[in-house]
Every structure is written in structure tokens, then in C-alpha cells.
Amino acid sequence: MTSAKSARRPHHWRRDLIELAALFTAVAVADAIANLIGHQPDGPYLLMASAVALAATAAFHTWWARRHSHAPPSDEADVAPGGAGAAGGTGTSAGEAEGTGEGGIVGAGETGTTLWRMRTTVLDAPGSLAALCTALAGLRVDILTLQTHPLAQGTVDEFLLRAPASLQAQELSREIAAAGGASTWIERADAHDLVDTPTRVLSLATRTALDAAELPLALRQLLGRCTIHSLPAVSVTGRATGQSAPVEGVLEETVMRLRDPSGGVISVERPYLPFTPTEFARARALVELDARLGPRVPRSEDVLTLPEGNEITVRRADRSDLTAARAMHDRCSQDTLGLRYHGPVADADRYLDHLLSPRFGRTLAVQTASGRLVALGHLLWDGDETEVALLVEDDWQRRGIGSELLRRLVALAEEAGCDSVYAVTQSRNTGMVAAMRALELPLDYQIEEGTLVITARLSSEGAARPSAPTERARR
């Protein structure tokens, strides 16, 4: 404790020396004046002069003491041992310190900037990162964030950059290659990427903890553009699929396989960029969190009144609703089940266990005031695409229930960041076609082997991409 206080309040030895000198000076002056008073006839005048001298000395001492007792700490205490060069030793450019805020600009002469995400591999040697930062500074590029992913041979550096709008990706890639970067990958970023990695990971972990259906979405947001498939251990027909993975998972360049807590495997593919061990560890941690928390679905409910006055409740559904869903199947006609499942009606019950699993998507259920289940709406993760499907019991059709479910499912898809959703139905299913049109979204129609696929684009980004049925037809 004593040493800590000493470090905060250094001992001012020069001040003590001055105080001691002032004291001796005052004593000497007083002695001299006393001798003069004793031998001179003008003693009273000299005594008055001595009093003035003592008062002036006391005032000077007080001023000096106050000035130095309230002085700020020396600048030497705030400088790191490495001096100014220590701050630059991290390998970042001067522009990085000036433009880390969202409102910063690259330079006074730039009128527009662009955000880029860039990855490059460098040798694990002193000066490698500094060479990259020097090259970026030469292009007037501001480094907003930097992550390092150690590898057995070298290091993968991931940057979030703010660059002049005139700088093209090809020019940036050439300069990075000249500075020692290899396997460079660059893509446009947006304002959402400005969130630092720890904050983003904690947010994804929170979403996963609240809702088991969020795990595939969290993995996609954590790892960037990738395709995620949940491969069940048992098929809908009850046969073993042979899909399994060790507890620690498997990492193979652009593919990682993680053991699904609910059985089977979660496969993540990213052909354009290999996964690093750091990304693999983060993904495995999210899956382990999901396994420890077990099945969970938010239990929010909305009570709605139909035009004829009946009240219905819309809520999330899961495998605990399996019995009620099978009972609804029994009350549905063969035609209704055929329009929904596009296959043998006798197999309809087999799909429910899969459809009600949070791992494969989100399900909304509609129940009456008496608690009877009368409708189900599914939002299903299909790799990098999203499917919507509806089933409404015959006696409750044409009452707006399907349209209400579809509107809520599309809202969930937008919340999850999906660009589009597609529905697989038949042209004679006028109810589903009308519900898709009622969304007032851009729609694409395509016939595949007698089946109608309707794709709704949810954002302007989705409009620039091939629609889901177009990609599926091409494959």
C-alpha cells in the first residue's frame, strides 16, 4: 500500500530545499536588521522595512508551495517505456488511430468511402503485419478492426477496412500481394460488420440460448456466407442415415462437421474460403452451448379475433405438440394433406417429428379457445435457402388463418436475415397462391415437374441474386 501511494504522489525534494533556503534567508535578514537597529538612530524605520521584507518572503513562499503542490503529474509518468514508437509497434497505420469511429473518413480529400472485409495469409515473422499496414496506408486505407487466426504455417489476418470509393478490389489485392499477403480474399462489408468480434459472438450466444432454432442462423452469421445443413441421424421413414461426427467435430479445409445435440450432424460448407482453427473453435463452442441448454422454444402467444368473432392463439410450436399435430392430421381431408406434403398421404405423420424440430426451422401453431390445434406454419432452413409451408384444417380454411401465418413467417425470415422465401405447392392450391400474392412482395413463379414454386424476394439484395427455384432448376 505504501509503495502504491508513493507511485501516485512523488516526493518533491526541490521544493523542500527551496523552503529550507527561504527559512535561512529570513533568519539572516532578521539578524542583520536587529544589529542595524541596535547601532543606528533610525531604528524604527529599519524595523518597518524588515517587517515588509519578512511579509514579502512569506508571500513568495506561500505562492511557490501552492503552485507546486497542485501541479499535474510529469509527462514522463504517462509515456510507455517504448515511447512514441511503442504505439506504432502493433503494426497499424497512422490512419487507423484517426478513423476507428463510424463517422471517420480516410482523408480530407476523400468525398466517399467503401467498407471492405479482407483476409490474407502472411508468414509468422516479425514485420509481416507491419508491411501490410504500410501498404494499406499508402493506399489511404483506414484499418477499423483486425483479427489474427494462427495457423501451423503462417497467420491469417482478417481486416475490416474503410477505403476511398475510387479504390478497386483488384488494386487492393495487388498491393497486398506485393506486401507479402497470399490467398487474399476481399468482399464488400456493411455497417453491421463494425461491431467488434467479442460483442458479436456474445450476441449470437445469447440468441442461441433463448431459442434452439437460432443455432443454424448464429453459425451462418458467425462464419459469413456459408451453407449449413442439418443431417438427421434417422430419416423420416425411420431408417438410420449413418450421419455422425465425433464429439470434437471434424474440420476439413472448407467443410466442418459438428455433432448435432439433437442427433445427427450439422454440416457447414464454405467453398470460397477455408475455415481456420479459430473459427472452428467458435462454432464448436456455440454447438456445445446449445447441447448444454437442451430443448427450448420461446413461449410467446398472440390472441387474435377472426372476422366471424372466434378467437385464436398463435404461438411457437415444437415436438411437444406432436400428439396434437397428429390429431389435426386425422381431421384433415386427403386432398388437404396431399396439397401440403406432395406425396403419399399415409406418410404425412412421419414428417411431423422433423418439421417440429427447432433444428430445421421455426414452426407456428394456431389453436382455438378450447386448445385444439387447427393450423401449422413452417419456416424451414434449406441450406442457404428458406422454405415456407402451411397446413390449415379443412373446417378453418378461408378465414384468413393461412395469410396471417404466412405474414408472420415472412417477418421471422426477415428477422433472420433471409433474402427470400419460397413455397412449393400446386397451381390448383388457390389458397396458397392468394396468400403469397397478398404479401405484396416481388414474386417469381416456376414450374418444376408439375409442381409450382413461388419465390418471394424480401430485400433489394435478394432481387440481385438468382431466385431459389432458378438455382434449384440449374442444379
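Predicted model: local features only at pLDDT ≥ 70, side-chain atom pairs only at ≥ 80, totals over all residues.
Y351 is partly exposed, with a relative accessible area of 25%, where partly exposed covers the range between buried, under 20% relative accessible area, and exposed, over 50%, for a 1.4 Å probe and protein chains only. Residues are numbered from 1 along each chain as its sequence is written, and side-chain values use heavy atoms, with hydrogens and water left out.

**Rings**

- Y351 and Y341 form an aromatic pair that is stacked, with 5.5 Å centre to centre and 15° between the planes; rings of Phe, Tyr and Trp (its six-membered ring) pair if their centres lie within 6.5 Å, and planes under 30 degrees apart count as stacked, over 60 as edge-to-face and the rest as tilted.
- The pair links Y341 in helix 12 (residues 334-341) to Y351 in helix 13 (residues 348-355), ten residues apart; helices (H or I, at least four residues) and strands (E, at least two) are DSSP runs, numbered from the N terminus.
- Y341 counts as buried, at 9% relative accessibility.
- R399 lies over the face of W396, at 4.4 Å from the ring centre, a charge being placed over a ring if NZ of Lys or CZ of Arg is within 6 Å of the ring centre and within 35 degrees of the ring normal.

**The chain as a whole**

- The secondary structure of the chain comes to 17 helices and 16 strands, and 39% of its 475 residues count as buried.
- Among contacts (heavy atoms within 4.5 Å) between residues at least 6 apart in sequence, 63% join residues at least 24 apart.

- Four strands form an open sheet in the order 5-8-7-6, with antiparallel pairing; two strands pair if DSSP finds at least two bridges between them.
- Strand 5 (227-231) and strand 6 (250-252) stand at the edges, each with a single partner strand, so one side of each is left without a neighbour in the sheet.
- Neighbouring strands of this sheet are turned by 15° against each other on average, direction ignored, with axes taken as lines fitted to C-alpha atoms, for helices over the stretch in contact, and angles running from 0 to 180 degrees between N-to-C directions.
- Strand 6 and strand 7 (residues 255-259) run antiparallel and are joined by three bridges; V250 stands opposite R257, and E252 has V255 as its bridge partner.
- Helix 10 (residues 277-293) packs on the sheet, where it touches strand 6 and strand 7, and its direction makes about 25° with that of strand 7.
- Two residues lie between the strands in the hairpin of strand 6 and strand 7, in which E253 takes a positive phi near 55°.
- Strand 7 also pairs with strand 8 (residues 265-269) in the antiparallel sense, over five bridges, and M256 has V268 in strand 8 as its bridge partner.
- In the hairpin of strand 7 and strand 8, five residues lie between the strands, and G263 takes a positive phi near 105°.
- In a regular strand the side chains alternate between the two faces of the sheet. In strand 7, M256 and L258 belong to the covered face, whereas V255, R257 and R259 belong to the uncovered one.

**R315 and its surroundings**

- R315 lies in strand 10 (residues 311-317) and counts as buried, at 12% relative accessibility.
- The side chain of R315 makes polar contacts with the side chain of D321 (2.8 Å) and with that of Q367 (3.1 Å); a polar contact is a pair of N or O atoms within 3.5 Å, and within protein one must be able to donate a hydrogen and the other to accept it, while residues adjacent in sequence count only if both atoms are side-chain atoms.
- Not counting residues up to four places away in sequence, R315 touches R299, S300, E301, D321, T363, L364, A365, Q367 and L373.

**Two loop residues**

- P295 sits in the loop between helix 10 and strand 9 (301-305) and is exposed, with a relative accessible area of 85%.
- P295 and S262 are 33 residues apart in sequence and 8.4 Å apart in space, C-alpha to C-alpha.
- N429 lies in the loop between strand 14 (420-425) and helix 15 (430-437) and is buried, with a relative accessible area of 17%.
- The side chains of N429 and T425 are joined by a polar contact of 2.9 Å.
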